[in-house]
Amino acid sequence: MSIPLPLPSGKGRSQASLPPPRQSGLQGTLSALIEKSRTLNDLLQVHAVLLRRGLHQDRILNFKLQRAYSSLGCLDNSISIFNCTLDPDVFNWTAIIHSHAQLGLHDRAMVYFVDMLCSGIYPNAFTFSVALKSAPVKSGKPLHSLAFKLGFYSDLYVETGLLDVYARTGDVASAKKLFDEMDQRSLVSMTTMMTCYAKHGEIGNAKFLFDEMPDRDVVCWNVMISGYAQNGFPNEALLMFRRMLSDAKMKPDEVTVLAVISACGQIGALETGRWIHSFIENNDICINLHLGTALLDMYSKCGSLEDARLVFERMTDKDVVIWNSMISGYAMHGFSGHALETFDEMLRAGMKPNDITFVGILNACSHTGMVQEGQNLFYMMKSKYGIEPKVEHYGCLVNLLGRAGHLEEAYNIVKGMNIEPDIVIWSSLLGACGLHNDLVLGEEIAELLIKQNQMRSGTYTLLSNIYANSGNWVEVARIRSMMKSKGVEKEKGCSSIELDNTVHEFLAGDMNHPKCQEIYSMLEEINGWLRAAEDYEPQTNKVLHDLGDAEKGQSLEVHSERLAIAFGLISSRPGTTIRVVKNLRVCPDCHEVCKVISRVTGRKIIMRDRNRFHHFVDGCCSCDDFW
């Protein structure tokens, strides 16, 4: 590994190495042999000759040996030579800093950089740009000041390094100011700024910069696709991926497909996910553990545990992460038995569970009301495996007890926690109060959250639900007025369904879809099935408005999940499974409607809501109405 070294002036950037003085024939021969050494054994032999001939203090040979050992991964040897070098110059210092930075030993690289400054050696532009790659996150402004004092403010590589430091610290304003002041911009500097924007949620600015780029490489595309996926714009991520594929010069890599797989999982785009899986295999992208785990997770979130299990079975040398993903996949679908079996299988394979394993297995228990099993696992976690329960584990236990009706026990656990309960735990307990119509405890929890200023949109809605279920419309109005005064907006229900690799989204009462007329005609047909069903009664008491029964029934008929299912029925072949993703908890009435539709049509309906999956088959749901 040859390190290009600049001229020490700091003006511009030279690719030349240290200019050697005139060397004797032996020195020249040894120098050439060092550069040609490709193995540690070769280099050790040259080094031995150098020592025997008394050339161990030759500055040029020492410098080349130092770099050569680093390039072969022998950092200890490189450090030994550096330590034996009398009065190391900027090139020796740069080489030792660079070798540590290349191996990810950033703390040590910065120690050497500081030692160099303390020794009175001034860095050149290359030294400085190397050090910036190892700079700690809070060092942006001090290093920026130093670069200015040393005259590196116009060096493109130094400016790009400073930009990266600001981006890593989340100082978007300083990064933008530096970027705007740059006299010239490389593809790397533009990509760095774009990454900064995308990482910190300014996806619009990232897209603007992306569109301004005259040339783009795969890294640029990856930044945008990942940025969209990580900031909650999965549809845009998939559209960007399709744009990338239309560019014949671009070849997606592992980073690309990881981002696209994540986007598919977010919106339940199973068809697209399967196509991506096929794309990976057909383009010789290695399905390593990281990629295999992502595929497994995507299939689980898209409702196909069969595909998820196939990926799992094909992976060799499974690590704890992929075991956890398989357990969590079964848990989110409510298949607690399979989750527990996989957990036992994991233990038999000699794999030690970690804290994430227990989050998955406790979730599995909570989805089916396995109270005793869940409690045993919770206490086993610490007693047998030495894992201290975190807030997530307490959240699972509280959810398990609360949904099973053990409200007081759940509340006592929350009050006795040795760590501060978060809003998720309180929301879980408040939701359980609504489920079991415990208005007294619900009000007590809400009052506590209001005092602590922890109320959020979801908790306001849960409290409103409790009052609505009891018919207390005065309190419902008060809660909604409170939300309005605080600027809190209730999250709108949205359901999506994928057909022919296109994701269709629906809001409640949506009239904007091109097939709107056919969808509402299908809803009328569904209403006929419901009227004829002896086991269906509209759950108008769950409509959280003070309306008459007829108006409440009409409100239920146009919920987003029903629109998505109606569209699926008119747009797919008979017998095809319908998969719907909803951003909120599926409403109780729609849950009953899905049972009827599955029985009448003979179709399987798989619905993923905010909490879990529901598999509707022949009038029954996999949750056994425990959700």
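The buried residues of helix 1 pack against helix 2 (40-52) and helix 3 (59-71), where contact means heavy atoms within 4.5 Å and buried means under 20% relative accessible area, with exposed over 50% and partly exposed in between (1.4 Å probe, protein chains only). Helices (H or I, at least four residues) and strands (E, at least two) are DSSP runs, numbered from the N terminus. Before going further, please keep in mind that this is a predicted model, in which local features need pLDDT of at least 70 and side-chain atom pairs count only at pLDDT 80 or more, while totals for chains, interfaces and linings use all residues. Residues are numbered from 1 along each chain as its sequence is written, and side-chain values use heavy atoms, with hydrogens and water left out.

Back to helix 1. Which of its residues are buried? They are Gln 27, Leu 30, Ser 31 and Ile 34. These residues cover an arc of only 105 degrees around the axis, which puts them on the same side of helix 1; the arc is that of the directions from the helix axis to the C-beta atoms. An α-helix has 3.6 residues a turn, so residues three or four places apart point the same way. Gly 25 and Lys 36 are exposed on the other side of helix 1. The length of this helix fits too: the twelve residues (25-36) should span 16 Å at 1.5 Å a residue, and the end C-alpha atoms are 17 Å apart, which agrees. The expected span is 1.5 Å times one less than the number of residues.

After the helix comes Gly 350, whose phi is positive, near 85 degrees.

Charged pairs are the next stop. A search of the whole structure finds 21 salt bridges, each a side-chain nitrogen of Lys or Arg within 4 Å of a carboxyl oxygen of Asp or Glu. One of them joins the side chains of Asp 89 and Arg 59 (3.5 Å, N to O). This pair links distant parts of the chain, with Asp 89 in the loop between helix 4 (75-84) and helix 5 (90-102) and Arg 59 in helix 3, 30 residues apart. Arg 59 counts as partly exposed, at 37% relative accessibility.

Another salt bridge brings together the side chains of Arg 274 and Asp 307 (2.7 Å, N to O). Here too distant parts of the chain are linked: Arg 274 lies in helix 16 (residues 270-282) and Asp 307 in helix 18, 33 residues apart.

Lys 595, at 11% relative accessibility, counts as buried. Elsewhere, salt bridges that share partners join Lys 176, Asp 180 and Arg 185 into one network.

Finally, take a look at Ile 450, found in helix 26 (residues 439-451). Ile 450 is partly exposed, with a relative accessible area of 40%. Leaving aside neighbours within four places in sequence, Ile 450 is in contact with Met 455 and Met 482. Ile 450 and Met 315 are 135 residues apart in sequence and 49 Å apart in space, C-alpha to C-alpha.

Stepping back to the whole chain, there are 32 helices and six strands. The C-alpha trace spans about 100 × 55 × 50 Å along its principal axes. Of the 627 residues, 51% count as buried. Among contacts between residues at least 6 apart in sequence, 64% join residues at least 24 apart.
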